[in-house]
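Please look over the model below before reading the numbered points.

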Amino acid sequence: MISLESSIIRFKDVFKKYSPDNIIFSGIDLEIEKGEFVFLTGPSGVGKSTMLRILFCAERPTSGEIWVDGVALSSLSNAQVPYLRRKIGVIFQDFKLLSNRTIFDNVALSLEVIGLGKKQAEQRVMQVLEGVGLTGKMSHYPLRLSGGEQQRVAIARAVVNRPSIILADEPTGNLDLQRTEEVMMLMEELNARGATIIFATHDERLFENTHRRVLRCLNGKIRT
Amino acid sequence: MTLAILCRRAFSDLRQDFCAQLITTMVVSLSILIFAFFTLLYFNLQYFVDRFGTELGLTIFLTKDTPKDRIPSLHQKLIGLSEVEKVTYISSEEAFRRLEHFLKNEKDVLEGVDPQFLPPSFEIQINRAMFQLNRIRQLAGEIDKWPEVSKVQFGQEWIDRLYVFSGLVRTIVAITGILLLFTAAFVVTNTIKLTVYARQEELEIMRLVGATNMFIQGPFLVEAFLQGLLGSSLALGIVLGGYRFLQGFEAKSELFRGVSICFIPWHYTVAIIASSVLLCVIGTALAMRRFLRL
Ligand SMILES: Nc1ncnc2c1ncn2[C@@H]1O[C@H](COP(=O)(O)OP(=O)(O)OP(=O)(O)O)[C@@H](O)[C@H]1O
Ligand SMILES: [Mg+2]
């Protein structure tokens with residue numbers, strides 16, 4: 001049994017239903033340790049994205065309680081939610097890039113909202129863009145990039161403010177084998193530096209030979 | 001977040017979204033313009049009635065046998081009244097000359113008529129600030145009781161009729177103005193809603209990456225402030241331009257001589273600008289609210 005102190009994420013009897021006949025979770029108990037790297041898998045439509053959305057308060061559970069970094073999410077007011085989100089980097093399944101801003105500005109947005117100085121922000125953005133191999137396209141607009149490139153921008157924006165938790169929703173969904181390898185390496189590296197990572201994917205190959213914990217969603221429950 | 005950063009973000013938004021911002025400003029401007037036009041109309045009606053009343057003034061006819069040496073003391077007495085702005089004495093001879101002038105070519109009919117046959121009179125101009133129909137009526141009644149006075153004349157029936165009529169017109173203009181105000185508020189808030197909705201995705205994404213509502217709203221509110229300020233100032237500027245144009249007419253044209261117009265009182269123009277700014281800012285804040293919940 002993992003002690004409360006070391007678990008950075010904890011679900012207790014969490015239910016989520018959109019309507020009486022659309023029940024996504026029916027009683028989830030789960031603990032994720034600080035610095036852990038877990039895979040979240042299950043068939044399409046099972047609720048992987050929903051679980052991540054609950055974690056960064058884009059969705060509220062129907063009942064039950066969730067603690068993130070010691071904070072009970074039900075106790076957070078709308079005004080406090082942004083401060084929670086600054087601790088969490090989210091790689092969205094649909095990227096959620098601003099089409100009227102350049103790649104550089106999209107990545108810089110995460111730093112802009114926390115009020116980081118321009119000089120410092122620029123340095124960090126360049127560093128992260130280099131990490132995902134997009135330095136050459138930083139003044140392009142998202143819609144002029146390929147799906148894989150957009151995905152890497154989304155990854156860059158999620159990690160640029162060095163969050164302690166990273167929620168990756170199918171971050172390799174649009175990438176070829178080599179790029180997938182690179183993203184996995186990047187995730188490993190972030191994890192090695194102390195970030196807790198939840199990696200949602202339906203691609204079994206990504207965790208075939210891993211020693212990592214794999215959470216499987218099925219019928220409203222999660223099995224380890 | 002400092003004010004400088006806020007303004008920088010607002011202006012970068014303005015540049016990116018120049019067209020939409022311009023359209024919103026134009027809508028604000030047009031709405032305020034229509035409303036301001038009616039306000040101008042309203043104040044000019046009021047101004048016209050007040051001025052018309054004072055210009056009619058009072059004419060005090062003296063009895064024909066009033067001795068000449070009583071005139072200065074009567075003059076003194078009249079000028080001492082607080083309602084009175086200016087007193088002009090018209091002697092019998094002066095009245096006769098005016099009649100001759102009025103008759104022009106027909107003045108032969110006055111041949112052989114005694115120049116003293118017209119009574120001497122005082123013409124009184126009413127102090128504009130003091131003008132009130134009831135007070136003037138009372139004043140006329142009092143002066144009428146003086147022994148030297150044979151008759152006090154003023155266009156009372158005219159003023160009465162004018163008051164009733166202008167009261168009616170003013171009510172109509174005021175009601176129209178208020179309806180226009182609602183229409184303007186409705187049009188402006190809906191235009192703002194459209195510009196906010198067009199950027200809905202941006203708002204949601206900013207919120208998802210950890211921006212506080214104040215951070216997201218800040219530039220929008222600055223933009224709304226500028227839109228309200230510029231839009232209403234532009235509208236009032238146009239109305240002022242039109243007013244100056246008409247004033248020019250008034251000075252030159254024979255037709256308009258004596259028809260004087262006034263501008264909207266300055267505290268009303270300030271109120272119009274302030275309300276327009278408030279409307280834009282509150283409209284924006286309300287339109288944004290629904291995107292800042294998640
Ligand atoms: N706002 C909503 N209202 C109603 N139902 C919803 C809503 N959002 C999600 N759902 C439903 O919840 C279920 C889970 O969706 P979710 O996106 O979490 O699936 P997923 O596991 O991420 O699937 P995928 O692998 O395809 O991304 C789906 O059946 C979806 O229809
Ligand atoms: Mg999903």
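**Notes on the predicted model**

1. Strand β1 (residues 7-19) of chain A runs antiparallel to strand β4 (residues 63-68) of chain A, and 5 bridges join the pair. One place to check this by eye is A:F15, whose bridge partner in β4(A) is A:S63. Please bear in mind that this is a predicted model.

2. What joins β1(A) to β2(A)? A hairpin does, through 2 residues. The two strands, β1(A) and β2(A), pair in the antiparallel sense over 9 bridges. Within this pairing, A:R10 is found opposite A:E31 of β2(A).

3. These pairings belong to an open sheet of 4 strands in chain A, with the order β2-β1-β4-β5 and antiparallel pairing. Which are the edge strands? They are β2 and β5 (71-72) of chain A, each of which pairs on one side only. When following a strand along the sheet, remember that side chains in a regular strand alternate between the two faces of the sheet.

4. A polar atom in the side chain of A:Y18 is 3.3 Å from a nitrogen atom of ligand 1. The side chain of A:N22 has an N or O atom that lies 3.3 Å from a nitrogen atom of the ligand. At A:G45 the backbone takes part: one of its polar atoms is 2.8 Å from an oxygen atom of ligand 1.

5. How much of the accessible area of ligand 1 does the protein cover? On its own the ligand has 640 Å² of accessible area, and the protein covers 61% of it.

6. In chain B, please look at helix α8 (residues 213-252), which has 40 residues. From its first C-alpha to its last, α8 of chain B reaches 58 Å, close to the 58 Å expected at 1.5 Å a residue. Where is the kink in α8(B) centred? It is centred on B:P219 and amounts to about 25°.

Notes:
Residues numbered from 1 in each chain as written. Chains lettered and ligands numbered in written order. Predicted model: local features only at pLDDT ≥ 70, side-chain atom pairs only at ≥ 80, totals over all residues. Heavy atoms only, no water. Polar contact = N/O pair within 3.5 Å; in protein donor to acceptor, adjacent residues only side chain to side chain. Areas by Shrake-Rupley, 256 points an atom, 1.4 Å probe, with all protein chains shown as cover. Expected span 1.5 Å × (residues − 1). Bend = angle between axes of the 7 residues up to and from the residue. Pairing = 2+ DSSP bridges.
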